[in-house]
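Hi,

Here is the structure I promised to pass on.

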Amino acid sequence: MPQIQSPLPGTFYRSSSPDTPHFKADGDAVAVGDVIGLIEVMKSFHEVKSEVAGTGLRFVIDNEDPVMAGAVLAELD
Amino acid sequence: MLQKLLVANRGEIAVRVIRAARDLGIATVAVYSDADRDALHVQLADEAVHIGPPAAKKSYLNIANILKAAAETGADSVHPGYGFLAENAGFSDAVTAAGLVFVGPSGDAIRLMGDKVAARSAAHAAGVPVVPGSAGRIEGIAAARHVLTLTGFPVMIKAAAGGGGRGIRIATDLAEFEAAFPQAQAEALAAFGDGGLYMEKLIPRARHIEVQVLGDGVNAVHCFERECSLQRRRQKVWEEAPSRALSDRLRDQLCNSAVALARAVKYSGAGTVEYLYDDAADRFYFIEMNTRIQVEHPVTEMVTGIDLVAEMLRIAGGEPLRLRQSDITVTGHAIEVRINAEDPSRDFAPFPGTVGALRLPGGPGVRFDSMLYPGCVVPPFYDSLLGKLIVHAETREAALVRLQRALSELSIEGIKTTKPLFQALANDRHVMAGDFHTRWLEGWLERHASRLTPELEA
C-alpha cells in the first residue's frame, strides 16, 4: 500500500495555519506532487508533497505530532 | 532575595539563567519537554519537571503546566528567558496572580511596549526621537495621505500588532501607496486580528543600535550600546559593543534617551531600547523596546563586567538598583556570533541531529554560552541556536583576530553550523572596517553564500 513519508524531522501540520482548512481531508484522492501537510523544522516550514498517487487517504500521524525523518505520515489505497 | 527560581525556557538561555541563579545561591527548577529529557539545562538545575510533548505550544508555551511545575516544586519566582513566553503580558500577569515573582517587567509594561503604536507614543512623550511617521494608529487612507507629507518616500506601512519584521509593506511612490494601504489593512486584520496600521519613513541605509537598560521601577541606568547591523531576514547574526559608528556626543544622547524612556514607563528589570542610526544624517530614531533579556546580552557583559541576568534576579528579589550610572564603564570591545544548526551554503537550511565529538574554544577573552555537550541531541522542534561565541579584547581589531582564533578552535561534529559564515565575515574588509548597515549582509550573502560550506565531520 502506498505511503507518504516525512522528508524531515520536526512537527507535522495538516494546514498552513490553525484557521485554514486541512490541505487534504481523510478519504481524499492524492496525486503526485500534492501538498498534504507541512513540517516545521527549527521554526522554518517545509511543504510535504506526495511522491505517490492513490485514493482513500488515511493519516496515521495527528496534526501537531512530532515526527522523525522517514516516518509514515499517511497511507493510500 | 529569591529562594527558588523556575526557568521557563530551554537551550542556551536556560543554562545561562540557571548559572546566574546558582551564583547567587538561588535554587533552580528546570522544565523540559519530551524532546529535552537529556538537555543540558535539565542536567544543571537542582530539580527538573516534565511539562509536555515536544511541540512548544504544548510545553514551553503551556502556561498552566509551567505554573503547576512551579507550585509542585515550591518555586517562588519564574524567569522567562527570551522567546517563548518572555514577552507575553498574560504570562507575567498569571505568574504574579499565582503569588510568584515574575523576573521581568509587569504585564502592563509588556503590553505597553508590545503595542508598537503605544510604544512609539511613549517614546515620543519621553523626548526620544522617533522615525518620522504617524503619531499613532491611522484612521483611513485620507489621514494616511497626510502622513506622507512627514515621511516622503519610500514609506513603510506597518501593522500595529505586528513585530519581528512581520506585517510590513513598503511603497516607493504614490501609486504603490494607494494600492498597498488597503491591502496592508486587510492583511493585518487577517494575520493579527487587528487591522490597525501606522506609517514610518523608510531609512534605507541604517545601522541597528540598541541600548541595554536596567530599572528597578523608580530608577534606571544604561549599560551602553550594542550594534547589531549584521542581520539576515531581520534576524541578528553578529553583535558587538561598543558601536564604532557613534561619536561620544551621540552615544551620550542615545544612551540617555533610553534611560529617559525606561524612567518614564517605570521600567523594572533588564530591557533593551532599539534604534535605527542613520550614518548619513548622524541621527538616531527609536524603533521599539524589548522587555526581556536579549540573546546578545553577553557582549554588554563583556565590556561592562556586569552580570545582567544576576542583576535581573536581584531586582526581581526586591533590591533597588545596585549600580549608579557613574559605576558603569566600557572596557575594550566585544563581538558575539550566533552558532546556529544551519547550512549557510544551502540557504541556511536547518540541520537538527546528534552532536558527536565537541571541541570548545577557550583561553583569554573567550566565552562560549551554549546548550551543547558531546552526544547531545539537537531536536528539530525549537530554534536553531546552538550557542554563542563571544570574544573580548582591548580593541575591535584585536577582537576580530581573537574571533578568528576562537572559531578555528570550535569543532562540533555531526551537525552543520553557521561557523563558516563567521570565518568569512571576520576576514571581510567591510566587516573589518565596520562598514555595513542592516541590509548589507543579505547582499553579501548573494555573492558569497555558496562557498560557505560547513565541513560535516563524522
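Predicted model: local features only at pLDDT ≥ 70, side-chain atom pairs only at ≥ 80, totals over all residues.

Residues are numbered from 1 along each chain as its sequence is written, while chains are lettered from A and ligands numbered from 1 in the order in which they are written.

Chain B has 15 helices and 22 strands (DSSP runs, H or I of at least four residues for helices and E of at least two for strands, numbered from the N terminus). Its radius of gyration (over C-alpha atoms) is 22 Å, close to the 23 Å from the globule rule for 458 residues, so chain B is as compact as a globular protein of that length. That rule is 2.2 Å times the number of residues to the power 0.38. The C-alpha atoms fill a box of roughly 60 × 55 × 45 Å along the principal axes.

Now for the start of the chain. Strand 1 (residues 4-7) of chain B runs parallel to strand 2 (residues 27-33) of chain B, with four bridges joining them; pairing here takes at least two DSSP bridges. B:Leu5 has B:Thr28 in strand 2 as its bridge partner. Strand 1 of chain B also pairs in the parallel sense with strand 4 (residues 77-79) of chain B, over three bridges, and there B:Val7 stands opposite B:His79.

Cheers
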